[in-house]
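Morning, everyone. I have one structure to walk through, and I'll keep it brief.

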Amino acid sequence: MKILGIETTCDETAAAVVTLGEDERGRILANEVLSQIAEHAAYGGVVPEIAARAHVEVLDRLIARALQRAGTPLPEIDGIAVAAGPGLIGGVLIGLVTAKTLALVARKPLLAVNHLEAHALTPRLTDGLAFPYLLLLASGGHTQLVAVKGVGDYVRLGTTIDDAIGEAFDKVAKLLGLGYPGGPEVERQAQGGDPERFALPRPMLGRRQADFSLSGLKTALRIEAERLEPLASQDVADLCASFQAAVVDVVVDRVRVALRAFAGVAGHPTALVAAGGVAANGAIRRALAAQAGEVGLSFVAPPLPLCGDNGAMIAWAGLERLRLGLVDDLTVPARARWPFAEAAPAA
């Protein structure tokens, strides 16, 4: 079984081919990703119209390259998977229309994938992980703690009530005059900083629900930065280190609460998982690995190239859905918003 995956929900254009081996493990045959960072850097963030036009210019070529590198012509593909949302609607439409066209012409099943679900299922591609597991999903504008019980069966244990982790990193980077994308820049600066110099708050620490709030932390950092202006390079490094340390403390505390809630909805987790772009942050990965070890769980996070948006995760999610007979028709819509996990019942 070989699946073509297409991803165009934000500022990466991606196409990949994934197969299922005889051992029932996934294998990536090709994974082509073209980033648009250079196009958006001058604006300090993603410009939807620019992103959509960039997808149009390269998607056909990227799909052809993925098929060629996989050694698999389109007639030998078993299904066309595409991220149908959530995301920037212009980009989502471009990927979805392309996938529908290919599915129609080649007479292949169409598999409309939720972009967030694809992140959630990536550890099954990379590590063959069994259900159920606790997932910290931190991708773009999303931050959620989710009990992943099965394909299409997700219970949200916590979410952000304001800024997502990735958004907070990007806004802090912009506030401090760092480059785009902000997350890696904040992490890089933090490596040379003192995480104890600024006593920044840890929002929601100790709360019974596993929700996040980061707007207050961001505001506290802005106040400290304004107090010190003009900022020296060491000030910037110390602010980044203090901010990142605060985020790590919050993440560990929120995961602790989610682990307690997990048993009530899904039993015992097979692992603690981090996925999405923020899962590439080394400090967060190390803290979660240590936390998992303390409670006797393994920690699983995708390889760094699979933390960001990519076609392989879309192809794998499509493969998982195709195995269960979850096929879509050509009327499936593009969605700017598309929740993938149901909230846990109130305690």
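**The annotated binding site**

UniProt, in an unreviewed entry, carries a "binding site" annotation on H115, H119 and D309. They span 195 residues in sequence, but no two of their C-alpha atoms are more than 8.6 Å apart, so they gather at one spot. From this set, H115 and D309 belong to the lining of the largest pocket. Keep in mind that this is a predicted model.

Take the histidines in turn. H115 sits in helix α4, residues 115-127. Is H115 buried or exposed? Its relative accessible area is 4%, so H115 is buried; the cut-off for buried is under 20%. What does H115 touch, leaving aside neighbours within four places in sequence? E7, T9, G85, P86, S139, D309 and M313.

Now H119. H119 is in helix α4 too. With a relative accessible area of 1%, H119 is buried. Again leaving aside neighbours within four places in sequence, H119 contacts L137, S139, A275, G276, C307, G308, D309 and M313.

D309 is itself one of the annotated positions.

Last item: the surface. I89, L93 and V97 make a nonpolar patch of about 240 Å². I89 lies in helix α3, which covers residues 89-106.

Conventions:
Residues numbered from 1 in each chain as written. Predicted model: local features only at pLDDT ≥ 70, side-chain atom pairs only at ≥ 80, totals over all residues. Heavy atoms only, no water. Patch = residues over 30% accessible without salt bridge, like charges linked within 9 Å, V, L, I, M, F, W, Y side chains within 5 Å. Areas by Shrake-Rupley, 256 points an atom, 1.4 Å probe, with all protein chains shown as cover. Salt bridge = Lys/Arg side-chain N within 4 Å of Asp/Glu carboxyl O. Helix = DSSP H or I, 4+ residues; strand = E, 2+ residues; numbered from the N terminus. UniProt positions renumbered as here; feature names shortened; annotations may be inferred. 1 Å grid on protein atoms, 1.4 Å probe; cavity = no way out; pocket = protein on both sides within 12 Å on 5 of 7 lines; lining within 4 Å. Buried < 20%, exposed > 50% of the residue type's maximum accessible area, 1.4 Å probe, protein only. Contact = heavy atoms within 4.5 Å.
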